[in-house]
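These are my notebook entries on what I looked up, in the order in which I looked.

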Amino acid sequence: MSAKTAPGPRGLPITGNLLAFRKDPLHFLEQSFREYGELVHLRFGPSRHLYLLTEPDLIKEVLLTKQQHFRKAKGLQTAKAVVGEGILTSEKEKHLRQRRLMQPSFRKDRISAYGEAMVRHAERMTSQWETGQTRVITEDMMQLTLDIIMETMFGSRLEEEIVGGIGRAIDVGMKYVSTRASSFIDLPASLPTKSNREFQEASKLLDGVIYSIIEKRRKQPAGEAGTGRKDLLSMLLAARDEDGSAMTDEQVRDEVMTIFLAGHETTANTLSWTWYLLALNPEAERKLHAELDSVLQGRLPTPEDLDKLEYLQLLLWESMRLYPAVWAINREVVDEVEIGGHTFRPGDTIMMSQYVMHRNPAYYDNPEEFRPERFEGDFMKTIPQFAYFPFGGGPRVCIGNNFAMMEAALLIATVGQRFGLRLADGHPPVELEPLVTLRPKNGLSMIVEARG
Ligand code: HEM
């Protein structure tokens with residue numbers, strides 16, 4: 001049966017469902033799922049067919065068992081404007097080669113070694129904190145995870161004065177990519193429109209940062225730049241093709257930019273959402289504090305403590321359930337494929353939304369309720385694999401998933417041991433902003449309270 005026969009909202013004559021989607025993507029997708037079920041046919045513009053798929057076993061087919069029929073969809077191809085042909089955007093052999101090359105930097109034993117830097121940066125940040133201070137927590141978390149990715153992956157530090165500029169450049173890049181990804185007319189990026197100009201300036205700034213990291217490392221004596229160091233950058237620089245040739249500066253740039261962006265913004269958002277949920281749920285905060293006090297007894301956390309910080313783990317899972325930093329994954333059909341009895345044609349897009357799935361009442365009772373305890377025991381084994389997929393799955397599963405989970409846990413433990421955070425008085429209701437990642441719109445202002 002052709003997938004086109006799947007039900008879906010009617011939409012407008014030319015633009016189809018595009019405007020409704022753009023106005024409020026999360027609400028639109030959730031409504032579509034509620035009204036039309038596990039496979040919803042959507043149309044963006046006159047000829048783009050999208051299918052919202054919310055059935056875990058069929059998602060598994062797209063991401064894992066039949067993944068060779070798909071490629072990354074338009075959104076990520078648009079992201080090439082920022083991250084080039086790095087591991088996130090490349091396909092087939094190139095992707096496989098880059099993934100093999102980078103994998104060792106993300107192995108569990110290597111990641112444990114990054115724990116010390118993670119805790120140190122969190123401690124440094126909070127050394128400035130005082131009771132009663134109002135902080136823009138979303139910015140603090142962004143800077144913290146940026147500092148950590150720079151040190152652990154590239155053995156590098158950012159000059160303080162450019163951090164703000166980087167944050168703004170990333171915002172411009174995210175908005176640009178999100179808008180282009182969901183449009184159906186591809187205006188050339190070279191047109192001198194305001195958004196194109198702003199985007200080019202932002203890219204220039206980010207490029208400047210990345211190329212200077214590479215250049216500095218290349219200038220170091222061979223031993224230091226290559227075998228002496230073990231971070232991701234040295235592995236990229238030391239990598240050789242079968243014919244013995246090294247990666248060009250541009251190839252290294254694409255990989256560095258990918259890790260630089262994919263490796264901090266998602267974790268920062270997850271942390272911000274977790275602080276937000278704790279502020280709204282004092283009982284959960286009390287439980288967290290009790291656990292931190294009893295396991296750590298006042299000392300700083302290490303990766304070895306994480307197994308014992310069970311409630312913290314439940315808390316992070318629940319936070320990523322309600323506010324998954326990556327709120328949808330898209331794939332484009334490359335050659336005709338059958339999924340769940342429906343035939344999909346080349347060019348069709350399949351959209352799998354973590355946000356929608358994670359609020360699916362078939363797997364989560366009272367899905368809107370924040371309740372970390374729902375993940376207790378072997379709950380995860382009682383639901384299908386892809387009913388919870390904050391990090392995606394299959395051969396393109398997030399390479400940084402263990403890094404991110406460890407980082408989030410260590411940072412919440414380090415900060416939460418000493419401070420509580422409240423929403424600032426009169427804080428406007430927090431809205432969700434689904435750009436490339438899911439963020440609290442206009443940031444989160446919170447008041448710091450030192451703990452007893
Ligand atoms: C809470 C934090 C994070 C979340 C929710 C997250 C989520 C994801 C998801 C859903 C994907 C799959 C995208 C797709 O299949 O289209 C992905 C891919 C990726 N992530 Fe993460 N991520 C996080 C943190 C990180 C970190 C810390 C790093 C690096 C240090 C990282 C690097 C990557 C890379 C390189 C890919 C592409 C992998 C490939 O295509 O082979 N991510 N991430």
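**Entry one: a salt bridge across the sequence**

I began with arginine 451, which is partly exposed because its relative accessible area is 24% (buried means under 20%, exposed over 50%, and partly exposed in between, with a 1.4 Å probe and protein chains only). The model I am reading is predicted, so I keep in mind that local features need pLDDT of at least 70, that side-chain atom pairs count only at pLDDT 80 or more, and that totals for chains, interfaces and linings use all residues. Residues are numbered from 1 along each chain as its sequence is written, and side-chain values use heavy atoms, with hydrogens and water left out.

Which residue forms a salt bridge with arginine 451? I found aspartate 293, with the closest N and O atoms 2.7 Å apart (a salt bridge is a side-chain nitrogen of Lys or Arg within 4 Å of a carboxyl oxygen of Asp or Glu). Arginine 451 lies in the segment after β12 (445-450) and aspartate 293 in helix α14 (residues 282-296), so the pair ties together parts that are 158 residues apart in sequence. Helices (H or I, at least four residues) and strands (E, at least two) are DSSP runs, numbered from the N terminus. Aspartate 293 is also partly exposed, at 37% relative accessibility.

**Entry two: other salt bridges**

I noted that the structure holds 31 salt bridges, and I looked at some of them. Aspartate 305 and arginine 299 meet through their side chains at 3.0 Å, N to O; aspartate 305 is buried, with a relative accessible area of 3%, whereas arginine 299 is partly exposed at 39%. In the pair of glutamate 368 and arginine 359, the closest N and O atoms are 2.7 Å apart, and here glutamate 368 is partly exposed at 48%, while arginine 359 is buried at 8%. I also wrote down a network of salt bridges that links Glu116, Arg120 and Glu151.

**Entry three: cysteine 398 and the iron**

Which protein atom is the donor of the ligand's iron atom? The only one is the SG of Cys398, at 2.3 Å (donors are N, O and S atoms within 2.8 Å of the metal, or 3.2 Å for Na, K and Ca, and sites may look incomplete because water is not among the atoms). An unreviewed UniProt entry lists Cys398 under "binding site", although such annotations may be inferred rather than shown by experiment. I located cysteine 398 in the loop between α17 (379-382) and α18 (401-418), and it is partly exposed at 29%. Leaving aside neighbours within four places in sequence, cysteine 398 is in contact with Arg99 and Phe391 (contact means heavy atoms within 4.5 Å).

Is threonine 126 buried or exposed? I recorded it as buried, because its relative accessibility is 2%. Threonine 126 belongs to helix α6 (residues 108-126), and a polar atom of its side chain lies 3.2 Å from the backbone oxygen of glutamate 123. Not counting residues up to four places away in sequence, threonine 126 touches Val415, Arg418 and Phe419.

Note on methods:
Polar contact = N/O pair within 3.5 Å; in protein donor to acceptor, adjacent residues only side chain to side chain.
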